[in-house]
Amino acid sequence: MNKIQKIWNGWILYSNRDSGINMHYVNLYRKACEKRGMNVRFGVYDPELLSAGLEACRIEGEAEKDLPQFVINRTRDYQLAELLESYGIHVFNPSFLTRLGNDKSEAYRYMQHRNVPVMPTIYGLQVPPHWYPAVVKSCDGHGGTEVFLLRNETEWEQWKASIDQNKQNRKRYVVQQAASCLGRDVRVYVIGNKIKAAVLRTSQTDFRSNYCLGGNVQMYQLSMEEQKLVEHVIQELSIGMAGIDFIFHQGQMIFNEIEDVAGARSLYSLTDYDIVDDYVSYIQEEL
């Protein structure tokens, strides 16, 4: 007697504020799902409608919203993830990881609590840095945006004055001591709490090494010590797919941030490894 395979229906959601919606990337998810007999529909989320529940999500081809069994949440909104979870929907990534990935102050406090090495950090702008150069980051910035390198007290005062003058700027910031090795970091790709690949990103012209900002990329082999550090970072988290970024200070890898909506262009440019297909395989196993 043939075993009847369950058909899983899901959504892949992006925020309507996201200018980086990549339909080619969405189609990679569609193909990976179709290969496994899974259905996934593309949807756009409006954060301003969150109080209306699932009405905040506009799903292609659906006049009425049938609850999906799973959601691939690429909105960066942990509150949406919490809402979906409250309906009993499997959300990838879960809300706690989404919060850490989109609030640097939460991520650094979490890592410090778990004794993960983090650069000395000041939360907020009330106190000037104790060291220079300093790196100022908005808590919810991504892709190297809203990150500023301040080399001395004069630059700090000028930058702080520009922020104070901008009455519309309600962002929260963290201030960190700059790592000794600027323009060099490693992104470690993780699926199902397992290390899958690591990419070294470097820049000769910018203290930020992000691929989307023109950084150079190459595959990177983690040392045993570095691998243990990554495993410690992810040990108590529930990760569907994420990029964990590390910077280098005095020869040591230091936690920098979690990208819960990690891009994979650099990985696809360097290898035949299909991380989306691997991720969907993990989702199927979890379901």
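Visitor: Let's start with one residue. Where is Ser269 found?

Guide: Ser269 sits in helix H7, which covers residues 265–270. Keep in mind that this is a predicted model.

Visitor: Is Ser269 buried, exposed or partly exposed?

Guide: Its relative accessibility is 45%, so Ser269 counts as partly exposed; the buried class means under 20% and the exposed class over 50%.

Visitor: Which residues of H1 and H8 make the contact?

Guide: From H1 come Tyr25, Leu28, Tyr29, Ala32, Cys33 and Lys35, while H8 supplies Val276, Asp277, Tyr279 and Val280. Sorted by class, this contact has eight nonpolar residues, two charged ones and no polar ones.

Visitor: I see tyrosines there. How do I read aromatic rings?

Guide: A pair of aromatic rings is described by the distance of the centres and the angle of the planes. In this model the count comes to 11 aromatic pairs. One of them is Tyr25 with Tyr29, an edge-to-face pair with 5.4 Å centre to centre and 85° between the planes. Tyr25 and Tyr29 are four residues apart in helix H1, so about one helical turn separates them. Tyr25 and Tyr29 are both buried.

Visitor: What about the rings of Phe92 and Tyr282?

Guide: Their centres are 6.3 Å apart and their planes are at 85°, so Phe92 and Tyr282 are edge-to-face as well. This pair links distant parts of the chain: Phe92 is in strand S5 (residues 90–92) and Tyr282 in helix H8, 190 residues apart. Phe92 and Tyr282 are both buried. Elsewhere, Phe148, Trp156, Trp159 and Tyr173 make up one aromatic cluster.

Visitor: Now the backbone. What should I look for?

Guide: Most residues other than glycine have a negative phi, and most peptide bonds are trans. Look for the exceptions. Asn93 lies in the loop between S5 and helix H3 (95–101). Another cis bond joins Tyr132 and Pro133, with omega about 0°. Pro133 is in the loop between strand S6 (121–123) and strand S7 (134–138).

Visitor: What is the phi of Asn193, and of Gln250?

Guide: Asn193 has a phi near 60°, positive although the residue is not a glycine. It lies in the loop between strands S10 (181–191) and S11 (194–202). Gln250 has a positive phi too, about 50°, and sits in the loop between S13 and strand S14 (252–259). Asn193 is partly exposed at 26% relative accessible area, whereas Gln250 is exposed at 64%.

Visitor: Finally, is Asp245 buried or exposed?

Guide: Asp245, in strand S13 (residues 241–249), is buried, with a relative accessible area of 0%. Leaving out residues up to four places away in sequence, Asp245 touches Val186, Arg187, Arg201, Ile254, Phe255, Asn256, Glu257 and Glu259.

Notes:
Residues numbered from 1 in each chain as written. Predicted model: local features only at pLDDT ≥ 70, side-chain atom pairs only at ≥ 80, totals over all residues. Heavy atoms only, no water. Contact = heavy atoms within 4.5 Å. Helix = DSSP H or I, 4+ residues; strand = E, 2+ residues; numbered from the N terminus. Nonpolar A, V, L, I, M, F, W, Y, C, P; charged D, E, K, R; others polar. Phe/Tyr/Trp six-rings, centres within 6.5 Å; stacked < 30°, edge-to-face > 60°. Buried < 20%, exposed > 50% of the residue type's maximum accessible area, 1.4 Å probe, protein only.
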